[in-house]
Amino acid sequence: MSPVLELSGVSAGYGGAAVLEGVSLALRPGERVAVLGRNGAGKTTLVHAVFNLGPQVAGSVRVMGREVAGWPTHRIARLGIALVPQGRGGFPDLTVAENLRLATLSGRSGTWTLDRVFTLFPRLAERRATLSSALSGGERQMLAIGRALLTQAPVLVLDEPSEGLAPPIAEEVIVTTLGRLEAEGKTVLIVEQNLPLALRLCERAILLAGGRIVFDGASATLQARREMLTEHLGV
Ligand SMILES: Nc1ncnc2c1ncn2[C@@H]1O[C@H](COP(=O)(O)OP(=O)(O)O)[C@@H](O)[C@H]1O
Ligand SMILES: [Mg+2]
């Protein structure tokens, strides 16, 4: 099957300073891939290069086989790729239900409905009339994931969904989400600092260091490379 997301020789940075150099990777449909790397390694820059959200990008970025370099973000997303941004996004002055309803306006048909999101995350159903600014961190993350699901995109990119969450809540949100996504055959690229969780839930891992990919392969293989994990993740 051809890749749903493919980067070839991608360099990216800000104001002439390179953050990523010569990054190449391909995601096949249905894969769950963790992106790992220290703070500042360029994980968000990689994600933002895909969605054209700020960094200067050179090289080829293909989404669903289309070369998207220079496209506006909403056009890239419309090809069928959704972002759960680091820091979560959404409209703070709208309620949970309003935020979710807005996300259904992508025009893409699919199986995700508000009711299904509320079944996946019962906490959100209880909070449906609450302003999103009043949600807890975990609830806000559920809302961001719900919004991405409601776009019906077959490819989801999650940037540090567990950041700032208490470990049991992070685990619950991520295990619930990735379990559901796996059952639906969605393709997932997830930036995740919780190494054991990432390696357990994703069959493949990509490790970024020094602006390059230093490992791309089976999570089990990376798990066995203790020296590599120590050198590049400090664990
Ligand atoms: N908008 C920006 N402008 C300038 N430099 C940035 C910007 N965003 C990130 N950087 C720099 O790029 C590097 C990588 O950042 P980032 O991609 O956010 O890393 P990560 O997500 O892996 O923590 C860091 O040195 C950071 O300071
Ligand atoms: Mg980041």
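Which strands does helix 10 (residues 226-233) lie across? Helix 10 lies across strand 3, strand 9 and strand 10, and runs at about 45° to strand 9. Please keep in mind that this is a predicted model.

- Six strands form an open sheet in the order 6-7-8-3-9-10, and their pairing is mixed.
- Strand 6 (81-84) and strand 10 (212-218) are the edge strands, each pairing on one side only.
- On average, neighbouring strands of this sheet are turned by 15° against each other, direction ignored.

- Strand 10 pairs with strand 9 in the antiparallel sense, and six bridges join the two.
- R204 has A218 in strand 10 as its bridge partner.
- The hairpin of strand 9 and strand 10 has two residues between the strands, and G210 takes a positive phi near 60° there.

**A helix on the sheet**

- Back at strand 6 and strand 7, helix 1 (residues 43-51) packs on the sheet and touches both of them, along with strand 3 (32-36), strand 8 (187-191) and strand 9 (204-209).
- The direction of helix 1 makes about 145° with that of strand 6.

**Helix 6 with helix 7**

- Helix 6 (residues 137-150) packs with helix 7 (residues 167-183) at an angle of about 15°, and their axes are 10 Å apart.
- Angles under 35 degrees count as roughly parallel, so helix 6 and helix 7 are roughly parallel to each other.
- Their crossing is right-handed.
- Helix 6 brings G138, Q141, M142, I145 and L149 to the contact, while helix 7 brings I169, V173, T177 and L181.
- Sorted by class, this contact of helix 6 with helix 7 has six nonpolar, three polar and no charged residues.

**Helix 3 with helix 6**

- Helix 6 also has helix 3 (residues 96-103) as a partner: their axes come within 8 Å and cross at roughly 25°.
- The same cut-off therefore makes helix 3 roughly parallel to helix 6.
- The crossing of helix 3 and helix 6 is right-handed.
- On the helix 3 side, V96, N99, L100 and A103 meet L143, G146, R147 and L150 in helix 6.
- By class, the contact of helix 3 with helix 6 has five nonpolar, two polar and one charged residues.

Conventions. Residues numbered from 1 in each chain as written. Chains lettered and ligands numbered in written order. Predicted model: local features only at pLDDT ≥ 70, side-chain atom pairs only at ≥ 80, totals over all residues. Heavy atoms only, no water. Pairing = 2+ DSSP bridges. Helix = DSSP H or I, 4+ residues; strand = E, 2+ residues; numbered from the N terminus. Axes fitted to C-alpha atoms, helices over the stretch in contact; angles between N-to-C directions. Contact = heavy atoms within 4.5 Å. Parallel < 35°, antiparallel > 145°, perpendicular 65-115°, else oblique. Left-handed = near helix turned anticlockwise from the far one by under 90°. Nonpolar A, V, L, I, M, F, W, Y, C, P; charged D, E, K, R; others polar.
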